[in-house]
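Hi everyone, thanks for coming. Today I'd like to walk you through one structure, starting with its charged pairs and ending with its ligands.

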Amino acid sequence: MAPVPVFPIKVGHIDDVQELRKGKPTTIPERFVRDMAERPSLSPALSSSTTDIPIVDFSKLVKGSKDEVLQLANACEKWGFFQVINHEIEPSLLESIEKVSKEFFMLPVEEKQKYPMAPGTVQGYGQAFVFSEDQKLDWCNMFALGLEPDFIRNPKLWPTNPAKFSETVDVYSREVRKVCKNLLKYIAMSLGLREEIFEEMFGVAVQAIRMNYYPPCSRPDLVLGLSPHSDGSALTVLQQGKDSSVGLQILKNNSWVPVQPIPTALVINIGDTIEVLTNGKYKSVEHRAVTHKEKDRLSIVTFYAPSYEIEVGPMAELVDENNPCKYRRYNHGDYSKHYVTNKLQGKKTLDFAKIQA
Ligand SMILES: COC(=O)C(/C=C/C1=C(C)CCCC1(C)C)=C/O[C@H]1C=C(C)C(=O)O1
Ligand SMILES: O=C(O)CCC(=O)C(=O)O
Ligand SMILES: [Fe+2]
């Protein structure tokens, strides 16, 4: 089932932030200015290693290192975010996807608008998750495509310019899919479960890609690049552009912790679906993006989730009298629909699944 909203949506005019930026505005349009409580603090990031998100060495997992599986377990349980190094995707492919993504965003706005994201939908060029005229907007341009299974692809939204765009997205996505399947295997091991449990359960997994481009902003203290949210996926794979500014932040112990880019590493995060399946042992973590006064930023994000027909609920192995069932069972297609028809608002979307204590 494709998650397409059916209700009428009035979002008003949404400024394209790259076009806005061209005018080098010193005042920021009101729709982008956040309420006090939401504004990012621009105090320098803590640099102690205790605030760095964990690093998982994929090559050690492949070699069967039990210590690395423990490191993965710790990353999933204590952080919900980690950076994967030695993940087997060629650096040249990481560079190619970054190159075509950047080239796409640098096209004239009229060219990009040939692939419009219709209000209330999540594919194409524009701003996703905007449902009303008074909702605050993110300082970000997005381009998103459904990839797998085939029926979520919308060929009309695949750009012909840059010439290598579509081919590169397909090659890159096949490689990221392998990484997701393998990581889910090791995540199952880290939980003491059968390696193949997620692959068997997920069926033909849903995969989508989203490129986020954050132009510099003259008042980064007033705006957000991307609103706080958790991802609805099982796993999310995020590539940070090579020369991009630091921008991704995760909420840990009530503080926003920046994710320092590591060249060629992939940032992985646990999505809502793994939180439900593990009965809250591995939790999705709220995150957001902030902007920079002079530097732009690009992120390339892959969402990997079960097939829409799959029923999701806590796995029996992770429920007992000490860990009572915290989430109800539901159809993943219904969750997808719920996710894409609500604004990004921290972890609120997951209330859909929570059993209220
Ligand atoms: C911030 O999250 C998203 O943009 C997002 C959207 C993903 C999708 C597309 C871009 C194309 C069509 C499919 C899909 C909804 C997956 C997040 O995806 C998460 C949310 C759910 C639910 C999920 O399965 O992945
Ligand atoms: O750009 C980033 O670093 C965050 C992107 C993100 O969280 C998302 O697209 O879901
Ligand atoms: Fe996200």
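Let's begin with a term we'll need: a residue is called buried under 20% relative accessible area, exposed over 50%, and partly exposed in between, using a 1.4 Å probe and the protein chains only. By that scale, Arg153 is partly exposed, at 24% relative accessible area.

Before going on, some housekeeping. This is a predicted model, where local features need pLDDT of at least 70, side-chain atom pairs count only at pLDDT 80 or more, and totals for chains, interfaces and linings use all residues. Residues are numbered from 1 along each chain as its sequence is written, chains are lettered from A and ligands numbered from 1 in the order in which they are written, and side-chain values use heavy atoms, leaving out hydrogens and water.

Now, the charged pairs. A salt bridge here is a side-chain nitrogen of Lys or Arg within 4 Å of a carboxyl oxygen of Asp or Glu. How many salt bridges does a search of the whole structure find? The search finds 17.

Asp150 is exposed, with 60% relative accessibility.

Next, look at Arg34 and Glu38. Their salt bridge has its closest N and O atoms 3.3 Å apart. Is Arg34 buried or exposed? Arg34 is buried, at a relative accessible area of 3%, while Glu38 is partly exposed at 31%. These two also belong to a network of salt bridges that includes Asp138.

One more pair: Lys102 and Asp296 form a salt bridge, 3.3 Å from N to O. This pair links distant parts of the chain, 194 residues apart: Lys102 is in helix α4 (residues 91–105), and Asp296 is in the loop between β11 (287–289) and β12 (297–305). Those labels come from DSSP runs, numbered from the N terminus: helices are H or I with at least four residues, and strands are E with at least two. Lys102 is partly exposed, with 31% relative accessible area.

Let's move on to the ligands. We count a residue as near a molecule if one of its heavy atoms lies within 4 Å of it. Ligand 1 has 17 residues around it, and the nearest are Ala208, Arg210, Ala305, Tyr308 and His332.

For polar contacts, we look for a pair of N or O atoms within 3.5 Å; within protein, one must be able to donate a hydrogen and the other to accept it, and residues adjacent in sequence count only if both atoms are side-chain atoms. An N or O atom in the side chain of Arg210 is 2.3 Å from an oxygen atom of ligand 1. His332 has a polar side-chain atom 3.3 Å from an oxygen atom of ligand 1. Which element gives the largest share of the shell around ligand 1? That is α9, with four residues.

Finally, ligand 2. There are 13 residues surrounding ligand 2, and Arg210 is among the closest, along with Tyr214, His287, Arg297 and Ser299. Ser299 places a polar side-chain atom 2.6 Å from an oxygen atom of ligand 2. For His229, the distance from a polar side-chain atom to an oxygen atom of ligand 2 is 3.0 Å, and for an N or O atom in the side chain of Asp231 it is 3.3 Å. The strand that gives the most to this shell is β12, with four residues.
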